[in-house]
Amino acid sequence: MANFKTIAKLLKLKGMKVTGLSFHHGGVVRIAVKPFKNGCRCPECGRRGTIVRQRPSFRQWRDLPVGGWSVFLLYAPREVHCPTHGRVEEDIPWSAREARITRRYEYVMLRYCQMMTQKAAAALLRVAPSTLSDQLHRSIARRREGHRIRGLRTLGIDEISYCKGHKYATLVYDLERSVVVWIGRGKGRTTIDEFFDNVLSAYQKAKVQAACCDMSEAYIGAITSHCPGAKLVLDRFHIVKAMNEAVDEVRKEQWRASDLTERKALKGLRWLLYRHSATRTKRDTRTLNALERGNRRIYRAWRLKDEFEQLWEYKAPWAAERFLKRWSTSALRSRLAPMRKFVAMIRRHQPGVLAFVDTRLTNAIGEGLNRIVKIIKNRASGFRDLSPFADMIYLSVGDLDIPAQIPKSFRTV
Ligand SMILES: [Zn+2]
């Protein structure tokens, strides 16, 4: 083991000097190193200090695995005296402060976790999945510390379930940049108030021009009280979902009231009724024509839904309003209770529904943020706790590019 210089070069251990190397059970290599040329600096100000003493115990940092070996760097940091900050532990050039992983390991870990599940990344990095999850959480917390939201003008508020639908989290999007800016536990008013009270300043709140959310009173209430100047837009996809549910309610009522032979005709209707007119096939049209004769009530509900889709095509708010008025009248005349309920909801929130027409704002804007969040959730086959889920969201669609926070010279893959 004579040529430590070659080892340092081979492993690209820049800015450090290799002083020893040992192999251990379980495929572990420990490399003793020390900072080379740029050591003895104060971590606060970067100034060189005088060495007070060498720490008696070694610390180790996990580095990138090489050739099937897990690699650890070993070093006993020195204490230095800084003229400004007094007695401090010297800055470790290859690692973030207090971290137990090297910067280049951190970078690769973050990149892997953006591309694959944590389990797969853990296998490639030769660590236990629970260790990786812990490292990831620390890294993201460290990189996001002190980060402030900037230039938020259009925000979206959405809820998402996790842990097999038992728990909820509230997401806040920046709809202009298509990023998630905040994640909070729960879905009620207290959760969203936490965002407006603790995260945004009064100045930032005044700068919000439009806010998009579903029909929940908690979110609407929070937006109108914290950002009275913002235009409230009800998320189009939530309205469509409520419409579909109303149609399905009619279908279920009819199903319950039918006998066996009638049920045969109603079979397989559910997804057809959900379908948007643009994706309807000829066969679907035939089924719907048969339905007109077979079950008037379901047909009537479906017709109303089909007509309602036109609302989103309008460009002028006054025309959309006129359409909505006519549509509501015919929906009320249908004598279908779920439809009447839907109309009541739309009337209650009419300005928010019509706000879509001139803002064209939805929470599914851009890359389809909520779709990506759902992919993250499914890829990990659900999360039991919010914090690993939040880590993955911040890493994949957060407003801060986390891997980019690591200095360029450490970004080796
Ligand atoms: Zn200092």
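## A salt bridge between Arg78 and Glu90

The side chains of Arg78 and Glu90 come together in a salt bridge, with 3.2 Å from N to O, where a salt bridge is a side-chain nitrogen of Lys or Arg within 4 Å of a carboxyl oxygen of Asp or Glu. This pair links distant parts of the chain, 12 residues apart, with Arg78 in strand β6 (residues 78-82) and Glu90 in the loop between β7 and α2; helices (H or I, at least four residues) and strands (E, at least two) are DSSP runs, numbered from the N terminus. Arg78 is buried, with a relative accessible area of 15%, and Glu90 is buried at 2%, where buried means under 20% relative accessible area, exposed over 50%, and partly exposed in between (1.4 Å probe, protein chains only).

This is a predicted model, in which local features need pLDDT of at least 70 and side-chain atom pairs count only at pLDDT 80 or more, while totals for chains, interfaces and linings use all residues. Residues are numbered from 1 along each chain as its sequence is written, and side-chain values use heavy atoms, with hydrogens and water left out.

## Other salt bridges

The count of salt bridges comes to 23. One of them joins the side chains of Arg59 and Glu89 at 2.9 Å, N to O; because Arg59 lies in strand β4 and Glu89 in strand β7 (residues 86-89), the pair ties together parts that are 30 residues apart in sequence. Arg59 is partly exposed at 26% relative accessibility, and Glu89 is partly exposed with a relative accessible area of 22%.

Another salt bridge is formed by the side chains of Glu307 and Arg303, at 3.5 Å from N to O, and both residues lie in helix α12 (residues 296-308), 4 residues apart, which is about one turn of the helix. Glu307 has a relative accessible area of 26% and is partly exposed, as is Arg303 at 37%. Salt bridges that share partners also join Arg53, Arg55, Arg59, Glu79, Arg87 and Glu89 into one network.

## The zinc site

The zinc ion is coordinated by Cys42 (SG), Cys45 (SG), Cys82 (SG) and His85 (ND1), at 2.0 to 2.3 Å; donors are N, O and S atoms within 2.8 Å of the metal (3.2 Å for Na, K and Ca), and water is not among the atoms, so sites may look incomplete. In sequence, the donor residues are spaced C-x2-C-x36-C-x2-H. Cys42 is buried, with a relative accessible area of 1%, whereas Cys45 is partly exposed at 36%.

The 4 donor atoms subtend angles of 105 to 115 degrees, and the arrangement is therefore tetrahedral, a label given to four donors if all angles lie between 85 and 135 degrees.

Helix α2 (residues 103-115) has 13 residues, which at 1.5 Å a residue should span 18 Å, and its end C-alpha atoms are 19 Å apart, which agrees; the expected span is 1.5 Å times one less than the number of residues. Of its 13 residues, 10 are buried, among them Arg103, Tyr105, Met109 and Cys113. What covers the buried residues includes β4 (59-66), α3 (118-124), α4 (129-144), α16 (369-379) and α17 (386-397).

## Tyr219 in helix α7

Tyr219 is found in helix α7 (residues 217-226) and is buried, at 0% relative accessibility. Leaving aside neighbours within four places in sequence, Tyr219 is in contact (heavy atoms within 4.5 Å) with residues including Ile157, Glu159, Thr170 and Cys213. The C-alpha atoms of Tyr219 and Glu159, 60 residues apart along the chain, are separated by 9.9 Å.

Terms used:
Four donors count as tetrahedral if all angles lie between 85 and 135 degrees; four count as square planar and six as octahedral if opposite donors are over 155 degrees apart and all others between 65 and 115; anything else is irregular.
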